[in-house]
Amino acid sequence: MEDKTFELLEKMYGEMQSGFNRLDKKIEQEVARLDRKIEQETAKIENKIDENHKALYDRYKQSIEGINGLKRDIKELKGKVENQEIELRVIKGGK
């Protein structure tokens with residue numbers, strides 16, 4: 001009876017080890033698949049961030065150019081106003 005019990009235990013142990021090995025392989029495959037998926041998603045996110053960064057930079061550049069243009073316009077208008085004020089003083093002083 002002891003021999004049969006021992007053989008049964010050996011058989012069960014072998015089957016369990018075989019099952020564990022299959023399970024280990026499946027887990028390794030799944031982890032590898034998830035790693036690839038994570039790498040792909042990370043690359044997508046990095047590309048999207050890069051695109052957004054470029055778009056934000058372009059918008060920033062356009063804003064700065066617009067502000068600089070407005071500064072030039074204001075400076076030009078300020079000069080014209082100063083010239084008109086001088087002309088008005090001359091005209092008023094001439095009377």
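**Salt bridges along the helix**

Guide: Start with charge. The protein chain carries 21 positive and 21 negative side chains. The centres of these two sets lie 14 Å apart. Keep in mind that this is a predicted model.

The protein chain has one helix and zero strands. Helix 1 covers residues 2-94. Along its principal axes, the C-alpha trace spans about 135 × 15 × 5 Å. The radius of gyration is 40 Å, whereas a compact globule of 95 residues would have one near 12 Å. Buried residues make up 1% of the 95 residues. The accessible surface comes to about 9,500 Å², and carbon and sulfur atoms account for 58% of that.

On to the part you asked about. The structure holds five salt bridges. One network of salt bridges links Lys37, Glu41 and Lys44. Towards Lys37, Glu41 forms a salt bridge whose closest N and O atoms are 3.7 Å apart. Glu41 also meets Lys44 in a salt bridge, at 3.5 Å from N to O.

Glu41 and Lys37 both lie in helix 1, four residues apart, which is about one turn of the helix. Glu41 and Lys44 are three residues apart in helix 1, again about one turn.

Glu41 has 31% relative accessibility, so it counts as partly exposed. Lys37 is at 41%, so it also counts as partly exposed. Lys44 has a relative accessible area of 54%, so it is exposed.

Further along the numbering, look at Lys54 and Asp50. These two residues form a salt bridge, with the closest N and O atoms 3.5 Å apart. Both lie in helix 1. Four residues separate them, about one turn of the helix. Asp50 has a relative accessible area of 38%, so it is partly exposed.

Follow its salt bridge to Lys37, then the one to Lys44. Then move to Asp50 and find its salt bridge with Lys54.

Terms used: Residues numbered from 1 in each chain as written. Predicted model: local features only at pLDDT ≥ 70, side-chain atom pairs only at ≥ 80, totals over all residues. Heavy atoms only, no water. Helix = DSSP H or I, 4+ residues; strand = E, 2+ residues; numbered from the N terminus. Rg over C-alpha atoms; globule rule 2.2 N^0.38 Å. Buried < 20%, exposed > 50% of the residue type's maximum accessible area, 1.4 Å probe, protein only. Areas by Shrake-Rupley, 256 points an atom, 1.4 Å probe, with all protein chains shown as cover. Lys, Arg positive; Asp, Glu negative; His and termini not counted. Charge placed at Lys NZ, Arg CZ, Asp CG, Glu CD. Salt bridge = Lys/Arg side-chain N within 4 Å of Asp/Glu carboxyl O.
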